[in-house]
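Please load the model in your viewer and keep the selection tool at hand. The stops below are given in the order in which they may be selected.

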Amino acid sequence: MPEQTAVPTGAPPDAATGAGGSGDDAAPRTLGGLTAAVRPKVIAASVLAGFAGLASLVPFAAVYLLAVALSEAEPDRGTVWTVVAVTIAAVVVRFLCHGAAVSLSHAADMDLQLRLRRSMAERLARAPLGWLSERGAGRLKSTLQDDVEDMHYLVAHALPDFVVAVSTPLAAAVYLAFVDWRLTLVCLAGIPCYLVGYRVMMRVAGARMGAIGAAMGRLNSAVVEFVQGIAVVKAFGQTQRAHSRFAAAADDYLETFSAVNRPILRVQSVSTGILSPAATLLVVALGGTVFVSQGWMPAIDVVPFLTLGLGLTSPVLAVGLAGNSLRSARQAAGRVGELLSVAPLPEPAEPKSPRGHRVELRGVTFGYDADAPVLHDVNMVLEEGTVTALVGPSGAGKSTLAGLLPRFADPQRGQVLLGGTDVRDIAAGELYRHIGFVLQDARFLRASVADNLRLASPHATDADIAGVIRAVGLHERIAALPRGLDSVIGEDALLSGGEAQRLSIARALLADTPVLVLDEATAYADPESEAVVQRALSRLVAGRTVLVIAHRLGSIVGADTIVVLDEGRIVEQGRHEALVAAGGLYASMWRTYQRHTEAAGGRAAIRAGDERHDGLDGQRDGRNEQIGVTR
Amino acid sequence: MIRQLFHVAGPALRRRLAVQLAVLLGYSVLQGVAFVLVVPVLRRLLAGDTDGVWPWAGALAGVALATAVAYYAQQMLAFQVALAASHRLYHRIGDHVSALPLGWFSGEQVGRLGQLASRGVPQVRSLLAHLLQPLCTAVVTPLTVVVAMAFLDWRLALATALGAPLMYLTYRWAVSTVARADEAVDTAAAEANERVVEFVRAQSVLRSTGSGERGRALLESALREQDAAGRRQSAAMAPGRTAFIAVVHLAVAAVVVVGAVLGLGGTVGVAELVALLVLVVRFSEPVSGMAELGGSLRSARNALARIDAVLAARPLPEPARPGPPPADASLELRDVRFAYEPGARPVLDGVSLRLPDRTTTAVVGPSGSGKTTLIRVLARFWDVDEGAVLLGGTDVRDIPADALMDHFSLVFQDVYLFDASIRENVRLGRPGATDAEVEEAARLARVDEIVARLPQGWDTPVGEGGTALSGGERQRVSLARALLKDAPVMLLDEATSSLDPANEAAIQQTLDALSGRRTLVVVAHRLQTVVGADRIVVLEEGRVAETGTHAELLARGGRYAEFWRERSRAQGWRLTPEPSVPVEAAP
């Protein structure tokens with residue numbers, strides 16, 4: 001089946017929501033729950049915005065009253081100044097209410113941003129590692145940072161704007177109806193037309209917005225590919241080709257964007273035109289002239305329609321024009337909600353403690369994609385205090401298997417037991433006191449060397465730290481750094497691959513866990529440090545239950561047990577001599593390995609012989625030493 | 001800002017943008033005229049002259065229609081110009097970046113460029129499509145009315161116009177107060193971004209050490225800082241925005257008062273007063289709304305500046321008159337000095353080497369000694385600061401960039417694969433290659449073994465950046481790509497470091513077969529690769545410490561001999577607990 005390849009590209013969002021749906025009823029920090037916390041502020045802001053909206057109508061009505069008063073043959077000063085005073089008061093009220101509403105809603109937005117980001121960080125810390133690596137740090141960053149920011153309109157504006165858009169025209173319409181209900185109806189005729197247009201627009205937009213998102217996604221990956229792969233394409237003289245992929249993605253995005261938005265924009269432009277100030281002025285002028293000439297109303301009563309008629313429509317327009325922001329805010333909220341609903345690895349309800357440090361895998365079947373298992377029915381035992389080596393061709397599932405011990409993922413079937421207890425029944429905090437891990441690419445936080453070491457054991461003394469640093473031969477290097485142990489990794493402590501590797505071994509030494517997993521711990525060592533790394537490892541494994549993955553078979557011939565993994569199944573296990581004698585997969589891997597290492601010495605010897613140089617002896621010594629060790 | 005926009009988008013767009021601006025201006029003026037027409041309509045209506053209204057109402061109808069048409073035209077034009085500008089920007093950035101030297105592409109640049117395409121260009125688009133119109137209308141329409149009003153009643157016009165300079169000054173001040181707060185927000189956001197990425201990537205370590213909480217503390221403090229910067233920005237913006245809105249409202253109040261005074265004096269017509277008051281009240285909102293537009297304007301301006309900065313990066317100079325084509329595939333470095341930054345410690349400090357045609361050279365040395373840089377200046381990732389790099393006797397700076405790359409096949413330490421099938425990734429080495437040639441190259445690099453194992457075989461997608469394959473598998477695919485290109489010079493930088501012994505042995509055979517046929521330069525620390533080289537160059541702190549064959553160097557008993565002993569010992573190492581060392585034994 002072609003689906004069996006685990007290709008973690010562009011996983012459909014439902015894959016994650018599907019996983020998130022299971023066993024996560026008690027999730028306290030859903031998107032809804034978090035928004036509820038800031039709701040009082042948003043509601044207060046909306047109420048204030050509503051007041052501001054109503055106050056903004058007062059000057060319009062005042063113009064009418066002023067016109068009435070001034071039209072009198074002998075205008076009454078008192079009335080005129082009262083109207084002026086009320087107008088100014090209304091302006092002040094509007095200014096204050098509006099300001100308070102904006103402050104409140106923006107404060108609510110900031111509260112929510114922090115809450116959301118914190119909750120998401122907390123989720124990330126408990127989500128299955130497989131899910132994290134499938135998503136990728138870049139996309140998760142974008143949700144945590146950009147999407148939360150994009151929700152701004154939804155949180156800070158949507159409700160207050162809506163309240164204003166409804167309450168202000170309603171109040172204006174009521175006032176106008178008292179002046180003349182027939183002309184009011186004429187003025188309002190535009191709104192239904194606009195709403196119909198708006199609905200059409202939203203329907204069209206909603207159905208096709210996904211296409212834009214997808215095209216943007218393609219553009220983003222084309223950019224990443226273009227930029228990160230540029231060294232490769234330039235080296236192969238293929239710049240034009242990669243560039244054209246990027247250009248094509250950009251064009252495709254713009255075309256999709258244009259195809260979706262152009263018709264929407266047409267409808268929007270026309271329906272906005274219907275409610276535009278010029279159109280409203282025209283309707284009032286025409287309607288008013290007809291009404292006055294027919295004697296249905298006094299001429300002065302046209303004035304409030306000229307003023308408030310405009311007030312009827314502008315908030316409606318404001319909401320309509322915000323449609324884009326609202327849509328992208330909703331999509332962003334969807335992604336945030338999705339991240340928040342990821343099911344964490346379940347914590348045991350009644351944690352148990354392991355008895356001893358014997359590790360056992362019982363009938364373990366596991367795949368990052370449940371339909372495509374990487375490990376099939378694996379049974380193995382790591383006896384307490386022994387070294388077990390895991391070998392096999394690349395792609396056999398070695399790292400995946402090792403990752404099950406520290407619970408990077410849980411198996412779909414079977415159990416991983418530590419000291420007779422299922423690791424799922426051990427509290428996370430306790431599990432890590434028993435199982436340590438040295439990975440092939442050592443990762444550090446941008447924090448001081450000491451803090452990075454203390455990650456594993458927060459209460460380690462300075463003497464403890466100095467001890468482990470010396471044990472991995474880094475004491476001189478660290479002492480030479482500008483701030484010694486307080487130098488920040490990635491800033492003033494720039495470590496080579498081998499140094500980073502040794503530091504991660506130092507971390508494991510400090511953590512001092514009885515069970516240890518070493519995944520290709522020497523793979524990235526530099527030539528000058530490999531020997532030191534090796535010595536550090538030898539110290540590290542003493543007295544522990546160890547699972548070691550190594551490419552170089554020579555390094556693990558002394559292991560108590562060698563387990564041979566092939567295509568996710570254990571095909572052989574035993575001691576080195578027995579496996580070599582058995583003549584199976586291990587024996588053939590061993591033969592290849594030996595040929596390869598001998599070839600190095602052999603080729604050197606031949607070359608040296610050709611050149612009849614007296615380096616020959618030294619060379620032979622080197623070779624003998626090597627073979628002597630590997631056998 | 002418009003000037004910057006022209007500059008970034010190029011002259012082709014200038015005309016279209018000019019048309020858009022003209023139509024937008026027309027729309028704003030027409031809208032103002034519609035407001036002004038209220039005066040004659042209302043004057044006749046209030047005078048009881050309903051018949052006299054009709055011609056003016058007709059004029060209003062015409063202007064309203066023209067306004068609607070102008071609005072529609074300006075919306076569609078803005079949309080088109082915005083799209084065309086995005087198109088131009090994407091292509092200009094793409095064209096420009098392709099011409100930049102390989103050395104330009106640091107991790108930081110890559111991140112910045114990604115950000116530009118996904119957020120910067122849309123911000124510029126939104127500036128053109130959504131921001132120009134409200135901005136222009138908020139200024140031009142009231143201005144039109146004020147000018148027209150000057151003919152009807154100069155006192156009212158003056159009262160209105162007096163507010164304008166005050167508003168402008170307040171606006172400028174308001175904008176300037178937030179600039180610094182903006183910068184703090186950007187910095188805090190960048191820090192938080194980085195912490196999120198770090199937090200996700202370090203999850204395996206954090207969990208395996210049970211230190212998720214402490215790891216999160218770093219992210220938490222970055223989030224707090226971001227939050228605080230955001231609040232500081234709000235606080236910094238508040239006075240400016242408040243003052244601006246207050247000034248707008250004050251202007252409204254002033255006009256109302258002046259209107260009342262003039263009205264009471266009986267020296268102004270009610271129609272004029274009403275029309276002007278309607279206008280003033282009506283436009284106080286969009287004008288004060290300009291304060292809210294400030295943020296979007298600023299980010300659009302920043303995006304333009306960032307795009308401009310990328311476009312300002314200079315590509316390596318192309319030779320004005322190309323030198324003679326390289327005579328063969330020999331390489332020479334003549335007293336080469338190179339530093340990544342002017343004034344920084346030189347990474348190559350006076351390196352002179354001759355690598356004859358079709359020989360194999362191994363480069364060894366401690367990390368940081370300049371091995372990778374050496375390989376990269378050979379292929380002109382950067383130009384050297386002093387000295388020269390020659391290919392077949394011709395200075396690489398005298399060979400056009402495309403022609404130069406034809407001579408090199410490169411395999412990097414950090415392999416990048418494209419999100420395409422394995423076959424397509426291999427074929428990238430030579431797009432014209434037949435299937436048989438692709439398969440042969442794949443066989444030589446042991447990619448056939450990967451293909452056989454995968455259900456979709458050759459057509460298996462490798463994922464973004466090749467993430468669906470393991471490190472060793474990616475290296476094999478990239479080797480196959482380089483073998484397929486089959487250029488005269490092959491540069492290998494730790495190209496087999498992630499391979500398991502079985503594959504490494506097979507690939508070693510392939511490389512052995514190439515020796516004597518191609519010029520090979522290999523950075524490696526595995527003995528198997530180094531020993532067979534025609535010549536070994538030992539680098540130390542950017543200088544050549546030793547050079548010679550394996551046997552010569554071993555005999556000399558210097559740096560290389562030491563390296564060899566260390567390596568031999570390391571290779572024979574076996575993992576055995578070391579109880580002799582007094583590390584406190586586990587319980």
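Predicted model: local features only at pLDDT ≥ 70, side-chain atom pairs only at ≥ 80, totals over all residues.

Residues are numbered from 1 along each chain as its sequence is written, while chains are lettered from A and ligands numbered from 1 in the order in which they are written.

**Stop 1: chain A as a whole**

Select chain A and colour by secondary structure: there are 22 helices and 10 strands. Helices (H or I, at least four residues) and strands (E, at least two) are DSSP runs, numbered from the N terminus. Of the 631 residues in chain A, 49% are buried; a residue is buried if 20 or more other C-beta atoms lie within 10 Å of its own, exposed if 12 or fewer, and partly exposed in between, with C-beta atoms placed from the backbone. Among contacts in chain A with a separation of 6 or more, 78% join residues 24 or more positions apart. Two residues are in contact if their C-beta atoms, placed from the backbone, lie within 7 Å.

Next, select 28–340 as domain 1 and 367–582 as domain 2 of chain A; these bounds come from an automatic or database domain assignment. The C-alpha centres of the two domains of chain A are 54 Å apart.

**Stop 2**

An unreviewed UniProt entry lists "transmembrane region" for residues 42–67, 79–97, 183–201, 274–296 and 302–322 of chain A. UniProt positions are given in the numbering used here, feature names are shortened, and annotations may be inferred rather than shown by experiment. Residues 183–201 of chain A are 95% helix and 0% strand, with end C-alpha atoms 29 Å apart. For residues 274–296 of chain A, the figures are 83% helix and 0% strand, with 26 Å between the end C-alpha atoms.

Select Ala222(A), in helix α7 (residues 190–228) of chain A. Ala222(A) counts as buried because 24 other C-beta atoms lie within 10 Å. Leaving aside residues up to four places away in sequence, Ala222(A) touches Arg245(A), Phe246(A) and Ala249(A). Phe291(A) is 69 residues from Ala222(A) along the chain, and their C-alpha atoms are separated by 63 Å.

Now select Gly543(A), in the loop between α19 (527–541) and β8 (545–549) of chain A. How far is Gly543(A) from Gly385(A) in space, C-alpha to C-alpha? The distance is 5.5 Å, although the two are 158 residues apart in sequence.

**Stop 3: the contact between the chains**

Show both chains: the contact takes 161 residues from chain A and 151 residues from chain B. On the side of chain A that touches chain B, helix α3 (residues 77–126) gives the most, with 17 residues.

**Stop 4: the nonpolar cores**

A nonpolar core is a set of buried Ala, Val, Leu, Ile, Met, Phe, Trp, Tyr and Cys residues joined through C-beta atoms within 7 Å. The largest has 278 residues, and those with the most contacts inside it include Val63(A), Val548(A) and Val274(B). Helix α2 (residues 31–71) of chain A supplies the largest share of this core, 20 residues. A second, separate core has 83 residues, among them Leu390(B) and Ala524(B).

Centre on Val63(A): beyond residues up to four places away in sequence, Val63(A) touches Val303(A), Thr307(A), Val274(B), Leu277(B), Val278(B) and Val281(B).

**Stop 5: chain B**

Select 2–153 + 269–312 as domain 1 and 331–571 as domain 2 of chain B. Their C-alpha centres lie 55 Å apart.

In helix α2 (residues 14–46) of chain B, 24 of 33 residues are buried. Gly48(B), whose phi is positive, near 80°, follows this helix.

Finish at Ile422(B), in helix α11 (residues 422–427) of chain B. Ile422(B) is buried because it has 28 C-beta neighbours inside 10 Å. Not counting residues up to four places away in sequence, those touching Ile422(B) include Val447(B), Trp458(B) and Val477(B). Ala403(B) is 19 residues from Ile422(B) in sequence and 27 Å away in space, C-alpha to C-alpha.
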